[in-house]
Amino acid sequence: MAASSIRFGPGVTAEVGQDFKNMNSKKGALYSPVVFSDDMCLQVAVFTDPNIATLPPFRTVIESLNASKVPHVVFPHVAVEPTDSSMKDAINFAKHHQPDAFVAVGGGSTIDTAKAANLYLCHPENEFLDFVNAPIGKGLPVREKLMPLIAVPTTAGTGSETTGVAIFDYVPKSFKTGIASRALKPTLGIIDPENMRTMPPQVHVASGLDVLCHALESYTAIPYNERSPRPSDPIYRPAYQGSNPISDVWALTAMRMCVQNLREAYRDAGNRKAQQQMALAATFAGIGFGNAGVHLCHGISYPISGLNRTYRHPGYAGVAGVAGKIVPHGISVAVTAPAVFEWTAASNPERHLEIAGMFGVDVARAKKEDAGRILSDALRGFLFDLDVPNGISAFGFGKGDVKALMRGTLPQHRVTKLAPNDATEEVLETLIERSLNIYSS
């Protein structure tokens, strides 16, 4: 079990300057793998996207750094849903400025970009694909210590502040992939509910559904003790280990919080309690899936995003840092959930019925063989209440795209191998086709 240190509470963002100042002394050793001497001048690289750069969370971080007299440089060009190219731009920025530490202010895109910049800054001789997940890249283990990274999330979704994963669109292959290593985990995650106040309703939905699927997938992943073979060296053990007793606790708690609060956070912008609970749920789910992993909802979502031709999700148009076309990550993940969990139910019907019960379904007399259908229907109703589009077809895909989406899912071994059943080509095609429309046959 591995996770970042976490600090939670309204207003804690203002402490970030003092955190970096403390890294110049032995007091910083609690949070930092690197202890700087008192006479060193620590320089911090601040990463954010063009939209967050105009909003209060970013201003609070800069004011805090200034108040503590911490030198810093700003990279305000993070792409929402980053690509290999945008990641390389950030890496080049880090190599040029040679910072001693990083702070990422934004959603998962910003935090993941800062992780990648930190990784390649500390491994200057490595090529970009060296650490990218196999078989797309080489999947080399991370052997050098990275610089301290403080993550300040402004969305309640990715849980990236707790994980060693960085995701991006790999444009040459038209799908998402990533880098996964415990070494990438932020040193400290600052969970400040005030930073989520700027989230538009559709961002609440997209990020919140990412939380839900993180928890669902980690709880239904192949059990950790059924994975084989054992790595020859612990350094080769993947960050994602399969469902396990510790991750299960975090996943179940995150699911309950999400089911109870996401609709309220979406419908009522003034509901601070629901927003605060979703911020915690994102972190809880991050701790869970950061160790157990995710599987097919995420695996299929990567080519959905990468092969998107023209779709732009409502609420994202005109936002700085957002490309002209976008299927938000949480939306691309959620639209396959009804089909995926109907299929996974046979592996552990008791767990699937337990989840259905969280959505208010009376499962006391439910039959095990009905677990998949029952949970699928519950998920479908939840998505409908959140105004989620009617499946993959809403993004412009049709039956003629099913094979391409399947082929884009197959190389995602980091996640597909965590499915509790064998995800063959035929299975993937069936799940994708059943997800073309989720509210009607």
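Analyst: Cysteine 122 counts as buried because its relative accessibility is 16%, the class being defined as under 20% relative accessible area with a 1.4 Å probe and protein chains only (over 50% is exposed, in between partly exposed). The model is predicted, so local features need pLDDT of at least 70 and side-chain atom pairs pLDDT 80 or more, while totals for chains, interfaces and linings use all residues. Residues are numbered from 1 along each chain as its sequence is written, and side-chain values use heavy atoms, without hydrogens or water.

Cysteine 297 is likewise buried, since its relative accessible area is 0%. Its closest cysteine sulfur belongs to cysteine 213, at 4.7 Å, which is too far for a bond. A disulfide is a covalent bond between the sulfur atoms of two cysteines. The structure holds 0 disulfides, counted as pairs of cysteine sulfur atoms within 2.5 Å.

The second largest pocket has a volume of about 770 Å³. A pocket here is an open set of points on a 1 Å grid over the protein atoms alone, where a 1.4 Å probe fits and protein lies on both sides within 12 Å along at least five of seven lines. Its volume is the space filled by probe spheres set on the points, which are joined across faces, edges and corners.

The lining of this second largest pocket consists of 43 residues, with Gly107, Gly108, Ser109, Thr155 and Thr158 nearest its centre; a lining residue has an atom within 4 Å of a point. Helices H4 (108-121), H5 (201-220), H8 (296-306) and H9 (329-334) and strand S6 (165-170) each supply at least two residues of that lining. These elements are DSSP runs numbered from the N terminus (helices H or I, at least four residues; strands E, at least two). H5 gives the most, with 5 residues.

By class, the lining of the second largest pocket comprises 19 nonpolar, 18 polar and 6 charged residues. Nonpolar covers Ala, Val, Leu, Ile, Met, Phe, Trp, Tyr, Cys and Pro, charged covers Asp, Glu, Lys and Arg, and the others, Gly among them, count as polar.

Another buried position is isoleucine 374, whose relative accessible area is 14%. Isoleucine 374 lies in helix H12, residues 371-385. Between isoleucine 374 and valine 361 the separation is 13 residues in sequence and 8.1 Å in space, C-alpha to C-alpha.
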